[in-house]
Amino acid sequence: MAGEGATGPALRLISDVVRISGSGFSGYFKKDCTDMARRVSLLAHLVEEIRDSKRFQLNCEVGGSSSLSTPCFADLTLALEDAKRLLLAANNFDTSKFSSDGATKKIFFQIQIVTWKLEKALANLPYDDFDISEEVQEQVELVRSQLKRATERYGVPTPSILLHRALSQPLDKQIDPFQTSNRSMGSLHLENIGNIDHEVSTKVESCGPVDHALDGVLKEENSRNEVNVSKDSVTLDENKKPDSLVIIPDDFRCPISLELMRDPVIVATGQTYERSYIQRWIDCGNTTCPKTRQKLHHLTLTPNYVLRSLISQWCVKHNVDQPTSLKNGRLKAGEIAAIEALVKKLSSDSIEECRAAVSEIRSLSKRSTDNRILLAEAGAIPIIVNLLTSEDGQIQDNAVTSILNLSIYEDNKGLIMLANAIPSIVRVLKNGSDEAKENSAATLFSLSLVDENKIIIGASGAINALVDLLKNGSSRGKKDAATALFNLCIYQGNKGRAVRGGIVNALLEMLTDSSNSMVGEALTILSVLASCHEAKLAIVTAGMMPVLIDILGTGLPRNKENAAAILVLLCKRDNGNLASLRRLGAIMPLYELSKTGTERGKRKAETLLGYLCNFQPSPIG
């Protein structure tokens, strides 16, 4: 096939990234590497459809099978190559082995650049020319939205001239982790930021220089912003003139992030760090102090109340916003200490003490946003996620409900996903108590409000478990499952999963149930599913059209409206379904709905009547 020669490199790069991620990432940039690898892996279907596109194959035959038929696709291939190299360089990155804090900043900058390259390449692809399916286009749009949001996490956007320079240059030397040789470990040498040796762990055989072009960009950027990494950082209010720059004292900056600390904590060596950064360091399996490289004899994080007070006073004096994430801006030392002590009890060897602690956290996380923030900052989320697999039913029930409560605060959703909570939540959804199943379904709904999480949850096996709860759960469980399934099926790729999981028959049972308790929920889900060809066939095959037509005549106003909307999707450009609509006597209820229904119901009824008016049955014989 002609298109294979052009798309082969891109597919191989994606395959390499999948294999790299299959071994798992570690080090300071574990989450960043995991996120980038996941997004790259989702592009496999896109490249495969481009390869199979007749127009793409024709272009390749005309231009030569070895050449890329479009510069846009070449840009995507280069971005994928950069992503692979960056993943190899950033994986296992250990700040304790570096003599300069600038190395961390440099890797973050590289991640930002590669993220932008990927997003730009995806934005410029001529999807119509490649005959990309609607489902894959929606998946790519989700990946693009993730990439856009990801850039915001890596700091202030780079000045356009610097960004253009970085985007125009590929990352340097390629590293192949799949070559088997007896060569000794190499090192990652970063120039201009400082002479730093990065010892690479066992998964990477050798590592060459990484993106020397970025060194000059970072140097110029630092000069432009008047930032001296080795001395003081600068906070710049966009509304102030350059002569009003505020110098942040060294002691107030986290040694890892170089940012003003808002929740300083002391580790075993006596060094102080921002809680979220040092907790992330520890969660990656590190047992040394990032600054001194000494071994941490214990992993307890002790709040540095004196420094926090000094930072607060300094912020007031220099008219700088105080670095607190609490909604009301108040931090009470007694409350923080109590919560930290409570979180510590979650790891107790005593079942009773652990049970009491998670029960109290369930209660606290239900009461206020401030409690949800404080619990997350105290490191409760990863520990509670581990408790989801507890054999103690009471602990499991309270753990999943605590995760549900914590997920209400938007920033906590990312922490829950980072803790790899989805597989454990799905297990509880399948095997937990009725209450645990209900709250697991509600948690999946809450997490799926973030678009990129819809893909992860859909691929986890959660949809089949939710369909089972929809069929066999308690009354509340069915409603929670229906809400979660509706939101997950907004993503096109999950619609087919739901159909294959048996959702159509479950919805038909809800529509025909004599209690009519969930007719509205069933119709709402069907209105989302019916845009998918696979779901459309399943709905018609299940014999649902007569039921929908019956609802047109006898249902509640909102249910009539949704039934009409579903029928529009089923009958659009489908003469067979239009013939069934006429044969089943839909004209009278549709005419009535067009006169007395809701505004949306009227529009849908008029659309269907228009289809029927223009419909010409195929002659018999």
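A residue counts as buried when its relative accessible area is under 20%. In this predicted model, helix α21 (residues 462-472) holds several such residues: Ala462, Ile463, Ala465, Leu466, Val467, Leu469 and Leu470. The cover over these buried residues includes α18 (422-431), α19 (434-447) and α20 (451-458). It also includes α22 (475-488), α23 (492-500) and α24 (503-512).

Lysine 413 lies in helix α17 (residues 410-418). Its relative accessible area is 3%. Lysine 413 is therefore buried, as this value falls under the 20% cut-off. Leaving aside residues up to four places away in sequence, lysine 413 touches Ser407, Ile408, Ser446, Leu447, Leu449 and Val450.

At least two lining residues come from each of α10 (275-283), β7 (302-303), α12 (333-345) and α15 (380-387). By class, the lining of this pocket comprises 9 nonpolar, 6 polar and 4 charged residues.

A pair of packed helices is described by the angle and the distance between the two axes. For helix α27 (residues 545-554) and helix α28 (residues 557-571), the axes come within 8 Å and cross at roughly 145°. The crossing of α27 with α28 is left-handed. On the α27 side, the contact is made by Met545, Leu548, Ile549, Ile551, Leu552, Gly553 and Thr554. These meet Asn559, Lys560, Ala563, Ala564, Ile566, Leu567, Leu570 and Cys571 of α28. The contact residues divide into 11 nonpolar, 3 polar and 1 charged.

Key
Residues numbered from 1 in each chain as written. Predicted model: local features only at pLDDT ≥ 70, side-chain atom pairs only at ≥ 80, totals over all residues. Heavy atoms only, no water. Buried < 20%, exposed > 50% of the residue type's maximum accessible area, 1.4 Å probe, protein only. Helix = DSSP H or I, 4+ residues; strand = E, 2+ residues; numbered from the N terminus. Contact = heavy atoms within 4.5 Å. Nonpolar A, V, L, I, M, F, W, Y, C, P; charged D, E, K, R; others polar. Axes fitted to C-alpha atoms, helices over the stretch in contact; angles between N-to-C directions. Left-handed = near helix turned anticlockwise from the far one by under 90°.
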